[in-house]
Amino acid sequence: MTPSTEPGPSTGIRISPIPAFQDNYIWLLERAGHAIVVDPGDAAPVLRVLDQGKQRLDAILLTHHHADHVGGVSALVAAHGAQVFGPATSPYAHIDVRLREGDRIGTLGQDFSVLEVPGHTLDHIAYWCPALEALFCGDTLFACGCGRLFEGSAAQMFASLGKISRLPEKAKVYCAHEYTSANIRFALAVEPANEDLIRRRDDCAALRQRGQPTVPSTIRLEKASNPFLRCAQATVQAAVERRNPGVGRDEVKVFAALRVWKDGF
Ligand code: ZN
Ligand code: FE
């Protein structure tokens, strides 16, 4: 397993990524023999880690219904009897507690509140834990990128990212994939002179060279370097306008054009 991040401020909770498949991260939160996971697409690597740490899985938090996020749920529940939290509108069946915007859940002694963030899928939600200053956002916001629009509209995704960007600047962003290097290459095509982005490229390259994850990031870093959160910036608008003359400055239109550009990048 990759190194875990520092315990959350005064909560004693450690947060670690369990790598799965090609580039997924299943986030593990643990304290005193108890654990929860976010988006376990595969059970085997989670069971191995729980076994090693002699931990009991209390809960599973799901952000959306895609197989690489829910594929391990049944096996984990069979082994640990964990409670499964997920979106109210999810087509995925194996959910014990279905959640909507503003709902709060208590697990591992922490309070998590639910944000509805449709766009990548229509059922997509994110979990915000104020005490840990941590956001678990699945495939909505990625480090220096965002999820593809499989089910929702550009306007929905734009609103969802806006909701996330209003969290505290120092909030940590725990997304579900290691896509950062490719996302940064695209971001540099959009904003080649963005100094925060250039620094981020170097930091990210150094982490990957050591085989370490580039996540979590922070809301501050995303706002400074993620083009999908920067649709109001003149630099981003100009880059989009050069490729799509006439798009103009409407932020949703800029976002939509940016997303299409990235899809073919
Ligand atoms: Zn997905
Ligand atoms: Fe995914």
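Here are some questions and answers about a predicted model, looking at its helices, its aromatic rings and one histidine.

Q: Why is helix α4 called roughly perpendicular to helix α9?
A: The axes of α4 (residues 154-165) and α9 (residues 251-263) cross at roughly 105°. Angles of 65 to 115 degrees count as roughly perpendicular, so α4 is roughly perpendicular to α9. The two axes come within 9 Å.

Q: Which residues make the contact between α4 and α9?
A: From α4 they are A154, A155, M157, F158 and L161, and from α9 they are E251, V252, F255 and A256. By class, this contact has eight nonpolar, no polar and one charged residues.

Q: What makes the rings of F158 and F255 a tilted pair?
A: Ring centres within 6.5 Å make a pair, and planes under 30 degrees apart count as stacked, over 60 as edge-to-face and the rest as tilted. The centres of F158 and F255 are 6.0 Å apart and their planes stand at 55°, so the pair is tilted. F158 belongs to helix α4 and F255 to helix α9, so the pair ties together parts that are 97 residues apart in sequence.

Q: Why is the pair of F228 and F255 called edge-to-face?
A: Here the angle between the planes is 75°, with 5.8 Å from centre to centre. An angle over 60 degrees counts as edge-to-face, so that is the name for this pair. F228 sits in the loop between α7 and α8, while F255 is in helix α9, so this pair ties together parts that are 27 residues apart in sequence.

Q: Which residues form one aromatic cluster with F158 and F255?
A: The cluster also holds F186, F228, W261 and F265.

Q: How do you know whether F158 and F255 are buried or partly exposed?
A: Buried means under 20% relative accessible area, exposed means over 50%, and partly exposed is in between. F158 has 22% relative accessibility, so F158 counts as partly exposed. F255, at 0%, counts as buried.

Q: How do you know that H64 is buried?
A: Its relative accessible area is 1%. The cut-off for buried is under 20%, so H64 is buried. You can find H64 in the loop between β4 (56-61) and α2 (67-70).

Q: What makes the pairing of H64 with D139 a polar contact?
A: A polar contact needs a pair of N or O atoms within 3.5 Å, one able to donate a hydrogen and the other to accept it. The side chains of H64 and D139 make such a contact at 3.3 Å. The side chain of H64 also makes a polar contact with the side chain of H66, at 3.3 Å.

Technical notes
Residues are numbered from 1 along each chain as its sequence is written. Chains are lettered from A and ligands numbered from 1 in the order in which they are written. This is a predicted model: local features need pLDDT of at least 70, side-chain atom pairs count only at pLDDT 80 or more; totals for chains, interfaces and linings use all residues. Side-chain values use heavy atoms; hydrogens and water are left out. Axes are lines fitted to C-alpha atoms, for helices over the stretch in contact, and angles run from 0 to 180 degrees between N-to-C directions. Helices (H or I, at least four residues) and strands (E, at least two) are DSSP runs, numbered from the N terminus. Angles under 35 degrees count as roughly parallel, over 145 as roughly antiparallel, 65 to 115 as roughly perpendicular and the rest as oblique. Contact means heavy atoms within 4.5 Å. Ala, Val, Leu, Ile, Met, Phe, Trp, Tyr, Cys and Pro count as nonpolar, Asp, Glu, Lys and Arg as charged, and the others, Gly among them, as polar. Buried means under 20% relative accessible area, exposed over 50%, partly exposed in between (1.4 Å probe, protein chains only).
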